[in-house]
Amino acid sequence: MNMMSLPRPVCPYCQAQMRRWPLGQPVLACDTCRRPILRYLARPRARIFRLRPVYTVIHAVALVILFAAVATVAFGGLETRHVILAIGIPIAMFGASDIADGWLSWRTGVDRGWRKLRTGRVARAIGVARTAFGVAGVAVAVIGLLAYGELRQPTRPAAPSLAQQSTR
Ligand SMILES: [Zn+2]
């Protein structure tokens, strides 16, 4: 085992050198930007590993869910109230990862958006804005999911729900 000669990984978020990757650990936080970085086997046969910031992965997964939800809605395979759930969940995922990412931008002064890396005061300001945006997104999602919960109650005017429960 010639561990010392392994090159240190470069952070995909801030391009700084990370510490050596501990064996068998899928997630490691970068020391410079403090983002959790996910290491995954991109090509199992060639044993090629890729590194991705966890929040980028969450965004990608949320985007896939959102596209799937929109497609399902478009083909009419979804009840109206389920649309709220299908869109509320990815929005909550976007919001939550934006809160975490924005918070870290503010804390560390390192921010990446649309392939552009910013540092210092600008990054902190973007971080605060991103966190606020994330909070707004989560709030919208929570309100939507609460509305979904309300809609789950059967609303039949002929049979009041209280009377229905007492007969059971
Ligand atoms: Zn980094």
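Residues 24 or more positions apart account for 47% of the contacts in the protein with a separation of 6 or more. Two residues are in contact if their C-beta atoms, placed from the backbone, lie within 7 Å. This is a predicted model: local features need pLDDT of at least 70, side-chain atom pairs count only at pLDDT 80 or more, and totals for chains, interfaces and linings use all residues. Residues are numbered from 1 along each chain as its sequence is written.

Of the 168 residues, 20% count as buried. Buried means 20 or more other C-beta atoms within 10 Å of a residue's own, exposed means 12 or fewer, and partly exposed lies in between; C-beta atoms are placed from the backbone.

The protein has four helices and five strands. Along the sequence they follow the pattern β-β-β-α-α-β-β-α-α. Helices (H or I, at least four residues) and strands (E, at least two) are DSSP runs, numbered from the N terminus.

Now the sheet. Three strands form an open sheet in the order β1-β2-β3, with antiparallel pairing. Its edge strands are β1 (27–29) and β3 (48–53), and each pairs on one side only. The twist averages 35 degrees from one strand to the next. Two strands pair if DSSP finds at least two bridges between them. β1 and β2 (residues 36–43) pair in the antiparallel sense over three bridges. Ala29 has Pro36 in β2 as its bridge partner.

Helix α1 (residues 54–74) lies across β1, β2 and β3. Helix α1 runs at about 85 degrees to β3. Axes are lines fitted to C-alpha atoms, for helices over the stretch in contact, and angles run from 0 to 180 degrees between N-to-C directions.
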